[in-house]
Every structure is written in structure tokens, then in C-alpha cells.
Amino acid sequence: MGLVYDESQLRDISTRFHIYGQILHAEPCKIGHINETYTATYEQGGNEVRYVHQKINGKVFTKPLEVMENVDRVTRHIRQKLVDAGESDITRKVLILIPSRDGNCFYQDDDGHYWRTYVYVENIRTYESVESTKQALEAGKAFGLFVQQLSDLPSPGLHETIVDFHNVRKRFDAFVMALQKDRINRAKHIQREIQFFLKHESVVRKLEKALASGRLPVRTTHNDTKFNNVLLDAQTQKQCCVVDLDTVMPGTLLYDFGDMVRTTTSPTMEDERDLSKVRMRMPMFKALARGYLEATDGMMTRTEKNLIAFSGKLMTYTIGLRFLTDFLQGDTYFRVHRPLHNLDRSRTQIKLAQSIERQEEKMQAYVDSL
Ligand SMILES: Nc1ncnc2c1ncn2[C@@H]1O[C@H](COP(=O)(O)OP(=O)(O)O)[C@@H](O)[C@H]1O
Ligand SMILES: [Mg+2]
């Protein structure tokens, strides 16, 4: 984790942006795994108004300018749509970037770090995980609406901010390579898990086939569809908009929807050790699917719709594969807090993928009925 900035440093950063009024105070908001998020409060004509300052993680995003170009285009596009549609409360329905004093959509500090500033959306709540089908419905709506709004983003396509982020074939090849090397002799202890991923290579092939057919369109997708990236109205609990736009780039709907299935349908955490608790809950899936299909509003192709239940298995399989690869390589990528952490994570993904597989037909039948 990077340095946490003190108030005077934050005030200095804050002044680099085109914000009116008098700054009152600034403090950390959330120091997440990826970015550092701070808030600054201003007095503007007798009202207190807040802004979000975020430092971009330069290790994860090696081309911050491309990230910001994407974020700027995407947020402007959605904002213009909302304006054209005569919507009210637009600052709650899309993130608004504040330009820097020199007219960019970011500020680069003396250490070379990139900062951006958003209008703070007030009276919202975010939750770490989905607690009810009502919330699952809102999650589906929020991410569905987002891709729908971006479906007519003019060319050129967005920058690929993390190259091969969703290249399952590459992930699979990396797994096979790690298995062959077996650097720290772990393979012999985890044969069951290894066999699961090898035997399910058909998951990778199914995606490849769909992509090659040309009937699974590459669109502008969010690519980090965790529930804590959905801002919900604190009163109504309805979705306002999605945040965390660093990974918005070309992708398929399957990545977005599938990762929602992976992260919201099981009542457990990603690293749950009691595997008997890990399962795909149909009511959660139904709510997600209903919200997503409603918000994408007929834009999905037949092929996309036919692969919606599969997408959950695809993403769960892919992440499980990555955890096991990291375990084989000696835990060098994902941060671990206990010796078998990556193995535990991989096992929950296997269990969830199996649960999805068992229910896949019923899941798809529900989607088809919508
Ligand atoms: N414009 C905003 N208004 C209100 N809260 C925000 C805003 N942007 C971010 N947040 C809050 O900060 C959290 C972290 O922001 P996010 O962009 O998702 O960063 P990270 O990459 O660390 O997840 C969000 O989950 C949300 O609770
Ligand atoms: Mg986030």
C-alpha cells in the first residue's frame, strides 16, 4: 500500500483542480487495494460541497494517461446522453470529472503520481457484498445500464488499460506452464484441483469458439463489477451509478455479468474455508439477470443471451485458475494472509463453478423466459 497523504498535502493537491470556494478540510476516505481515495470539503456560497481525490495506482496501471482518457470519454458520453434525455440529478447518475487548473482531466504531482477529482455523490451507500435479492437487482441494473449507455460510444475503441486482462487462453497456458515447472513442489498435494481445471478446458474453448464466430460482440465493458462499485441511494436503496472506471475497456458482456455471478451469488467470501457453504443461489442469480436484461434493454444479441448462465462458470473458472496458478508459483501475485490462502480461494471457485454447472440449465431457462 502506498503512502497515506496528510491534510496539508491533500490541500495542496486539491488546489490543483478547478474547484470554486474555500477548502475547509481534507481526509482519507478509503485506502483500497488499488487506488487511494480522499475527500475534500469546500464552502461554496454558504453550502458545503465535497469532492473525491483519487491517486491512481501506477503499478497496476502503467499508462495512467490512457486510463484517464478512457474515463474522460466514458463519463462525458454518459453525461451527454443524460442531458439529451432531459434527466435531472445528473451528478448522481454519472461520475463527473473536475478538470485541473491547467485544463487536463488529471493532475500529475511532483513524484509523478496521477490524481483525478470527481464530484462526491452525496447520500449514497456502498456495500462490500450483496445482502438481498433487492440489492442484486440493483447491481444488475447498474452494470447493465452502464454498458447500454456506452453501446454507441463513437470509435475509436477505448485503450486496453490492462492488456490481456480477460484472455482466458493465456491464463490457461500460464497455469499449464506453472504446473510443468512446479517450482516449489506443490503439485503433488493438489491433484484434485489441478485435474478440475485441466478437465474443464472446454470452458476456455467454448469462449474461444463464441469469439471466433463473430457473434459475441466486443463492447465497452466495465470489467470490475463488484458490488462495492455500485453507488446506491441511501434512502431509496436504488442504484445511482457505478464507479471504479479504470478497467473500462473493450470486452464482452460475459465478463461483466459473469463476474457479478461469481462475486454475488454465493453467501460466502472468496476465501471461505468451509466449502459446504459455497453455492450459487438461484434467487440471487434471477435478480441479477432480471436487472441486467431490463437495463440493457434489448441490446443483447442471441449469442450473448445464450451464454449468460455460462458466463458465471467462465469467470469463476478463470479466477479459480489464476488462484491455483499463483499457488503453484509460490504466491507471488495475490496477497496472501495464510499459507494455503490461494489454495483455499481456488477451492471456493471450484465449488462455486460446480454449483453453477449443476444449475446451468435452470439458470439459462430463466434467462430465456425473460
Ligand atoms: N464520486 C464518489 N462519490 C461518493 N463516493 C465515492 C465516489 N467515488 C468513490 N467513492 C467511494 O470510494 C470507494 C472506492 O472508490 P473506487 O473508485 O471504487 O476505488 P478502488 O479502486 O479503491 O475500489 C467506492 O466504493 C465508494 O464507496
Ligand atoms: Mg472499487
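This is a guided walk through the structure above, from its overall form down to single residues.

The model is a predicted one: local features need pLDDT of at least 70, side-chain atom pairs count only at pLDDT 80 or more, and totals for chains, interfaces and linings use all residues. Residues are numbered from 1 along each chain as its sequence is written, while chains are lettered from A and ligands numbered from 1 in the order in which they are written.

Let's start with the whole protein. Its secondary structure comes to 12 helices and 10 strands; here helices (H or I, at least four residues) and strands (E, at least two) are DSSP runs, numbered from the N terminus. The radius of gyration is 21 Å, close to the 21 Å that the globule rule gives for 370 residues, so the protein is as compact as a globular protein of that length. That radius is taken over C-alpha atoms, and the rule is 2.2 Å times the number of residues to the power 0.38. Along the principal axes, the C-alpha atoms fill a box of roughly 65 × 50 × 40 Å.

Next come the domains. The domain assignment gives domain 1 (7-122) and domain 2 (133-369); such bounds come from an automatic or database domain assignment. Between the two centres, taken over C-alpha atoms, there are 29 Å. Where the domains touch, 17 residues of domain 1 are in contact with 14 residues of domain 2, a contact being two residues whose C-beta atoms, placed from the backbone, lie within 7 Å. On the domain 1 side, helix 2 gives the most, with 10 residues. By class, that side has 8 nonpolar, 2 polar and 7 charged residues. Ala, Val, Leu, Ile, Met, Phe, Trp, Tyr, Cys and Pro count as nonpolar, Asp, Glu, Lys and Arg as charged, and the others, Gly among them, as polar.

Strand 2 (residues 36-44) and strand 3 (residues 47-55) run antiparallel and are joined by 9 bridges; strands pair if DSSP finds at least two bridges between them. Glu36 has Lys55 in strand 3 as its bridge partner. The hairpin of these strands has 2 residues between them, and Gly45 takes a positive phi near 55° there. Strand 3 also pairs with strand 5 (residues 114-119), in the antiparallel sense over 5 bridges, and Tyr51 stands opposite Val119 in strand 5.

Now for the interior. A residue is buried if 20 or more other C-beta atoms, placed from the backbone, lie within 10 Å of its own, exposed if 12 or fewer, and partly exposed in between. The largest nonpolar core has 88 residues, of which Ala139, Ala142, Phe143 and Leu288 touch the most other members. Helix 11 (residues 308-328) gives the most to this core, with 12 residues. Such a core is a set of buried Ala, Val, Leu, Ile, Met, Phe, Trp, Tyr and Cys residues joined through C-beta atoms within 7 Å. Leaving aside neighbours within four places in sequence, the contacts of Leu288 include Ala136, Ala139 and Met260.

Finally, some backbone details. Most residues other than glycine have a negative phi, and most peptide bonds are trans. A cis peptide bond joins Ser155 and Pro156, with omega about 0°. Asn185 has a positive phi near 55° and counts as exposed, with 8 C-beta neighbours inside 10 Å. Asp244 has a positive phi near 65°, but counts as buried, with 20 such neighbours.
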